[in-house]
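Please look over the sequence and the model below. A short report on selected parts follows them.

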Amino acid sequence: MKVLIDHQIFQNQKFGGISRYFFELMEGFRKSNVDFDLSLLYSNNEYIKGFENIQSESIHSAGYNDFLFGKEFRGKAFLYNQYKKTQPKVPSFRQQNLDHTISKLKKGDFDIFHTTYYDDYFLDHLNGKPFVITVYDLIHQIYPEYFPLNIVDKNYNILDKASKIIAISESTKNDLIDFYGLPAEKIDVTYLASSLDAGSEANNISNLPEKYILFVGNRTIYKNFYFFAEVLSRVLDNHPDIELVCTGSKFSKEEEFFIKKLGLQNRIKNYFVNDAELIMLYQKALFFAFPSMYEGFGIPILEAYENDCPVLLARNSSLEEIGGDAAHYFSSKSIKSLEKSLEQLISNQHLRTTLIEKGKLRLQDFSWKKTTEQTIKIYKEAINAAQR
């Protein structure tokens with residue numbers, strides 16, 4: 001069996017969960033001696049840079065981000081644009097990646113094609129070969145008011161023509177059935193796993209509070225950060241020694257305004273951290289809070305379990321499915337429910353210890369090895385069905 005994987009997500013993401021998923025899959029294929037080909041000429045994706053024995057053409061750097069790498073100064077963009085004018089006129093990197101993949105599709109030297117995103121350019125070039133697509137969530141369908149309407153996203157044409165659809169949770173599978181009316185037997189669930197790299201170097205984090213609640217990642221729209229911060233501000237009135245630590249992008253002006261309005265400007269800190277530093281934050285936190293209104297999976301839950309950190313989750317979408325009985329739950333928009341859960345986790349050491357022990361057991365249900373094995377099984381089923 002030979003698998004052809006396309007370029008899409010590796011030209012769109014330098015970092016990110018989807019490219020990390022395909023990177024882990026390819027690592028698993030390599031260990032399982034599954035023949036695969038990543039069709040990619042140009043990419044800045046960080047995961048690919050560390051990948052050895054990849055069976056594709058050389059992956060070249062893709063422009064500005066690698067121009068005078070590590071040097072940032074005023075006028076760099078102008079200098080880069082002048083540099084580009086001195087270079088021969090060639091098709092864009094994106095066009096070259098696309099042409100490269102179409103060429104491989106037409107050549108047909110593969111048994112199954114796995115598209116890494118939702119552009120349907122490949123449908124006219126498969127020549128009857130089966131293809132698989134992975135769906136992570138239906139956030140754009142559930143909250144369309146929060147996203148531009150002209151972005152590339154799932155469409156029924158791809159989902160209908162796919163030989164198999166992989167969903168990363170039963171929750172996402174159910175959403176696919178509800179939104180698109182797809183047959184359940186066409187959709188297989190393969191869970192994800194934690195990918196935190198403990199091998200990276202951890203720097204000391206300055207002014208880290210002694211006691212804190214941890215909030216990881218994106219804080220926009222459906223992540224429910226504003227509601228969480230509002231309720232937390234009431235609870236922290238009773239616990240002057242506890243702060244909130246966030247990771248990810250800097251606070252926006254709107255977030256800074258809101259935090260100041262709550263009087264929390266001296267009790268919320270935000271850090272941009274690497275994997276090793278994030279591990280340290282999990283290990284030192286009182287607990288990790290994930291109040292999101294919707295998730296297709298919820299990898300931070302597994303990261304917390306992996307690092308002996310109790311977990312507080314909103315009870316919705318995939319979070320309860322992934323968290324299992326190892327997390328403490330609250331109703332997403334219930335002030336009383338969240339207040340009660342926060343107080344319980346802050347005040348009850350026995351509860352936190354119990355959740356840590358259950359988290360270790362729950363974590364055993366998730367591994368990239370399992371994900372790879374299940375994906376290979378799905379490929380084989382799709383190939384066999386196409387040959388009947």
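This is a predicted model: local features need pLDDT of at least 70, side-chain atom pairs count only at pLDDT 80 or more; totals for chains, interfaces and linings use all residues.

Residues are numbered from 1 along each chain as its sequence is written, and side-chain values use heavy atoms, with hydrogens and water left out.

## The sheet

Six strands make up an open sheet. Their order is β2-β1-β3-β4-β5-β6, and the pairing is parallel. The edges are β2 (35–38) and β6 (187–189), each of which pairs on one side only. From one strand to the next, the twist averages 25 degrees. Helices (H or I, at least four residues) and strands (E, at least two) are DSSP runs, numbered from the N terminus. Two strands count as paired if DSSP finds at least two bridges between them. In general, strands of a sheet pair through backbone hydrogen bonds, either parallel or antiparallel.

| Strand pair | Bridges | Residues opposite each other |
|---|---|---|
| β1 (residues 2–5) and β2 | four | I5 and L38 |
| β3 and β4 (residues 131–135) | three | H114 and V132 |

Strand β3 spans residues 112–115. I112 and H114 point one way from β3, while F113 and T115 point the other way. These residues are all buried, meaning under 20% relative accessible area with a 1.4 Å probe and protein chains only (exposed is over 50%, partly exposed in between).

## Helix α12

Which residues of α12 are buried? They are P300, I301, L302, E303, A304 and Y305. The helix covers residues 299–306, and six of its eight residues are buried. Their cover includes α11 (275–284), β10 (287–290), β11 (311–314), α13 (319–323) and α15 (349–363). Just after α12, D308 takes a positive phi of about 55 degrees.

α12 packs against α15 at an angle of about 115 degrees, with the axes 8 Å apart. Axes are lines fitted to C-alpha atoms, for helices over the stretch in contact, and angles run from 0 to 180 degrees between N-to-C directions. On the α12 side, L302, Y305 and E306 meet G359, R362 and L363 of α15. Contact means heavy atoms within 4.5 Å. The residues of this contact divide into three nonpolar, one polar and two charged. Here Ala, Val, Leu, Ile, Met, Phe, Trp, Tyr, Cys and Pro count as nonpolar, Asp, Glu, Lys and Arg as charged, and the others, Gly among them, as polar.
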